[in-house]
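Please look over the structure shown below before reading on.

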Amino acid sequence: MRRFSELYQALDATTSTNAKVAAMADFFRGAPPADGAWAVHFLAGRRLKRLVGGARLRRMLVEASDYPEWLVLACYAEVGDLAETVSLLLEPAGADGAALPTLGELVEQVLLPLADCDEAEQGRRVVDWWRRLDRRERFLFTKLLTGALRVGVSQLLVARALAAAFDLPRSVIQQRLMGDWQPSPAFFEALTRPDDGSVEISRPYPFFLASPLDRPTGSLGAPGQWLAEWKWDGIRAQLVRRRGQTFLWSRGEELITPRFPEVEALAERLPDGTVIDGELVGWRDGVLPFAALQRRLGRKRVGPKLLAEVPVRLLAYDCLEIGGRDIRGSAQAVRRATLEDLARRLDGGTDAAGGPLTLSPLIDFTDWDALAAERARARELGVEGLMLKRGDAAYEAGRRRGGWWKWKVDPYAIDAVLIYAQAGHGRRASLFTDYTFAVPDEHGELKPIAKAYSGLTDAEIRELDRWIRRHTLERFGPVRSVPAQQVFEIAFEGIAESSRHKSGLSLRFPRIVRWRRDADAASVDTLADVRRLLTAGRPDPVAAAEDS
Amino acid sequence: MDKTGLVPASGVAPDGIALIELTDSGLYCRAGDFHVDPWRPVANAVITHAHADHARAGSARYLAAAPGCSLLRHRLPGAAVEPVDYGEPRRFGPVTVSLHPAGHVLGSAQVRIEHGGEVWVVSGDFKRQADPTCAPFEVVPADVFITEATFALPVYRWPDTATVAQEVADWWADNARRGVASVLFCYALGKAQRLLAELAPHLDGRPVFTHGAVESINAVYREAGVTLPDTRRVGDGEQDYREALVLAPPGAGGSSWMRRFGEAATGFASGWMLLRGNRRRRGYDRGFVVSDHADWPGLIDTVEATGAARVLTTHGQSDLLARYLAERGVAAAAVATEFEGEGDATLQ
């Protein structure tokens with residue numbers, strides 16, 4: 001674990017991507033398979049199943065420290081990270097000279113067995129390890145115990161490091177890292193073995209991610225070179241059908257097949273060796289709002305009632321594998337034709353929406369202005385905007401610019417006033433960066449309407465932090481209330497009725513657009529103004545697209 | 001935290017008025033008619049040190065510790081500054097005032113205020129770690145101690161300064177091997193000079209390059225008799241910075257001034273760098289933990305050593321320190337001042 005702790009320090013001490021990749025590659029080259037496997041597990045952002053809850057760890061820390069509970073909690077609020085609080089708050093350890101376990105031994109022989117201990121025994125063991133380890137190791141130990149490392153590396157960077165360390169193509173590593181795996185020595189050996197071209201049957205392909213359109217459409221060239229589709233407000237997913245089995249993967253590489261039995265049932269008619277990319281949406285005579293789909297998320301098993309209320313479909317827009325052949329290198333237009341051909345073969349082309357494959361329709365357009373007009377209808381259709389896909393683009397891994405653009409509709413925007421602030425976590429600990437904004441209701445009473453964490457520059461954050469500290473009215477634990485004076489323009493992507501919010505509304509993806517220093521609190525939007533943004537009904541965009 | 005009725009009834013001077021009260025202009029001694037570090041112009045200002053949140057322009061007369069007067073005049077050109085040696089008593093009417101080393105920066109002082117047998121001490125900003133560029137903190141027994149609380153949380157414990165200097169030297173050597181400049185950001189007044197002095201054993205005759213804001217303070221330190229290693233102002237003559245160590249104030253980061261270094265490694269030296277979140281948020285490559293404020297053990301030990309029966313806490317974690325002391329049987333309360341500790345200097 002000392003090597004892994006040193007790797008962590010090296011990763012944490014640099015913002016250079018190349019330096020991070022080099023440090024990880026060094027680690028992997030010299031790592032025994034068990035350590036390598038666990039390192040991949042943690043560096044790729046996976047975590048152990050929760051062994052000891054945060055509240056219990058805090059109690060252990062209070063007991064292990066010489067300080068009253070409120071002071072320990074104040075330290076935690078300042079630091080923003082429990083593992084780091086543990087590492088800083090406890091007295092520096094006297095090295096006892098005993099050998100430390102390897103990363104694999106630490107996880108398998110120390111951490112995982114905690115699951116079988118009662119609370120008292122867990123406390124004894126954890127505190128004992130805290131006292132044995134030095135600050136850095138104590139931090140790592142607690143991090144692994146509580147969750148993901150979050151050290152600024154992505155699975156993509158881990159793949160780059162593995163590819164460099166074992167002289168393999170990055171795409172091979174990426175595909176081996178997709179899907180379900182257990183961090184065992186066998187996994188690490190398989191991950192790093194030479195490339196023999198074989199594919200495990202459940203394994204999806206790395207998702208191709210679109211970039212936000214950052215240039216005028218006119219500069220994209222002839223409209224005829226591009227395919228346009230709606231950008232669905234759903235869940236990106238890959239449907240894998242191989243050897244009579246179906247696997248549905250979310251973009252977070254989670255196997256979600258059991259949560260969508262209706263998709264699985266329809267997929268049974270797909271031929272073996274087929275991989276489809278598309279969007280899961282709630283579907284009853286058309287697309288349901290995302291809020292409906294949200295009810296299906298977070299449930300491992302879905303009951304018959306919910307299944308009937310919010311049936312889900314996969315709107316297919318790409319075909320990555322057909323007849324067992326990887327066609328990601330073919331042109332977008334060719335893959336689209338393959339997908340349409342597949343849909344026709346399956347149901348004779350009669351009723352696309354009734355067959356196993358529901359296609360995400362293409363939008364016909366001959367000039368960019370006409371497409372812009374289509375985009376303007378997006379909100380009324382309940383979609384997020386448009387996708388533009390270059391006809392000759394290959395299906396790349398990850399976010400590569402140029403092939404796929406997302407052209408979202410402009411967000412909603414309101415002016416609201418700051419009423420509460422709370423210190424952030426992690427990178428933003430010790431600054432007030434989590435803000436609550438309000439608008440007045442019909443009685444002039446301020447109702448919280450949105451929480452936002454992003455959108456200000458670092459300089460603005462520091463300035464606002466100072467203002468908050470000087471104008472604190474009340475403190476509720478970590479939250480401070482401030483006079484309703486600072487006005488901000490808040491943008492958001494969607495709005496829905498909500499019984500769980502005091503305002504009766506919930507906003508999607510709220511963020512700060514700008515600090516309206518010119519505006520005073522009397523000029524903000526009212527709750528009634530915001531309510532008017534609720535759209536009454538949503539027509540069916542698939543039908544609408546087919547009409548047009 | 002009511003700003004007006006701040007000082008409660010206990011710790012009251014013989015004539016029935018609190019020796020120090022909080023007014024709109026700051027900490028005020030009515031009996032002697034002077035303010036300590038006022039944030040508005042007043043008649044008589046007793047200054048603890050030359051940092052911007054403690055030494056503000058516009059007052060008629062300033063009293064400051066002799067070693068810090070040149071700094072104060074540098075920051076407040078034209079101000080009427082009267083020097084007083086550490087420990088030398090001055091009368092303000094019936095009140096006796098003396099200044100005592102605070103160990104924060106050159107000439108920094110605690111203010112001891114005695115009236116009718118009662119002693120109040122205002123700590124100003126202070127630290128307990130050794131600093132080759134200023135006189136060490138002196139414990140001054142007090143009935144009432146007004147202490148700063150910038151880092152008053154037990155997570156704040158400073159590493160040994162020599163260890164940090166070694167870390168900076170290693171970082172510099174690493175960058176030099178890669179042929180990139182090492183730009184270390186730090187406050188121009190105090191921190192930069194302390195770092196220079198601590199880095200002296202690692203320089204092997206090489207000069208350290210400095211931003212103009214740092215270099216002008218270096219000159220004041222040298223004139224005051226503080227020994228600093230050889231420094232060169234960035235931009236004086238043709239220079240190759242590829243293996244250089246450069247000290248600059250945080251405000252220079254991201255400015256056009258930085259362009260001359262091409263690709264450069266950046267570091268920040270501050271007590272806040274103890275926290276990983278701060279290191280990451282600032283976007284510097286490295287954080288080095290060096291503070292000119294007392295850490296938690298320093299604060300607690302100092303409060304105890306003064307023997308004060310009452311403690312008032314200002315800036316930073318003043319509420320928390322007051323509560324902790326109160327639970328340990330010390331009469332303690334927080335005072336809302338406009339001092340900002342180490343945080344504000346990042347905006348200078």
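A residue counts as buried under 20% relative accessible area, as exposed over 50% and as partly exposed in between, with a 1.4 Å probe and protein chains only. By that rule A:F488, with a relative accessible area of 0%, is buried, and A:W515 counts as buried at 9% relative accessibility. This is a predicted model, in which local features need pLDDT of at least 70 and side-chain atom pairs count only at pLDDT 80 or more, while totals for chains, interfaces and linings use all residues. Residues are numbered from 1 along each chain as its sequence is written, chains are lettered from A and ligands numbered from 1 in the order in which they are written, and side-chain values use heavy atoms, with hydrogens and water left out.

**Aromatic pairs**

- The rings of A:F488 and A:W515 are stacked, because their centres lie 5.4 Å apart and their planes stand at 20°.
- A:F27 and A:F28 form an edge-to-face pair, with 5.9 Å centre to centre and 75° between the planes, and both residues are buried.

**Interface of chain A and chain B**

- In contact (heavy atoms within 4.5 Å) are 36 residues of chain A and 31 residues of chain B.
- The count between the two chains is 3 salt bridges, a salt bridge being a side-chain nitrogen of Lys or Arg within 4 Å of a carboxyl oxygen of Asp or Glu.
- A:R475 forms a salt bridge with B:D319, with the closest N and O atoms 2.9 Å apart.

Conventions. Phe/Tyr/Trp six-rings, centres within 6.5 Å; stacked < 30°, edge-to-face > 60°.
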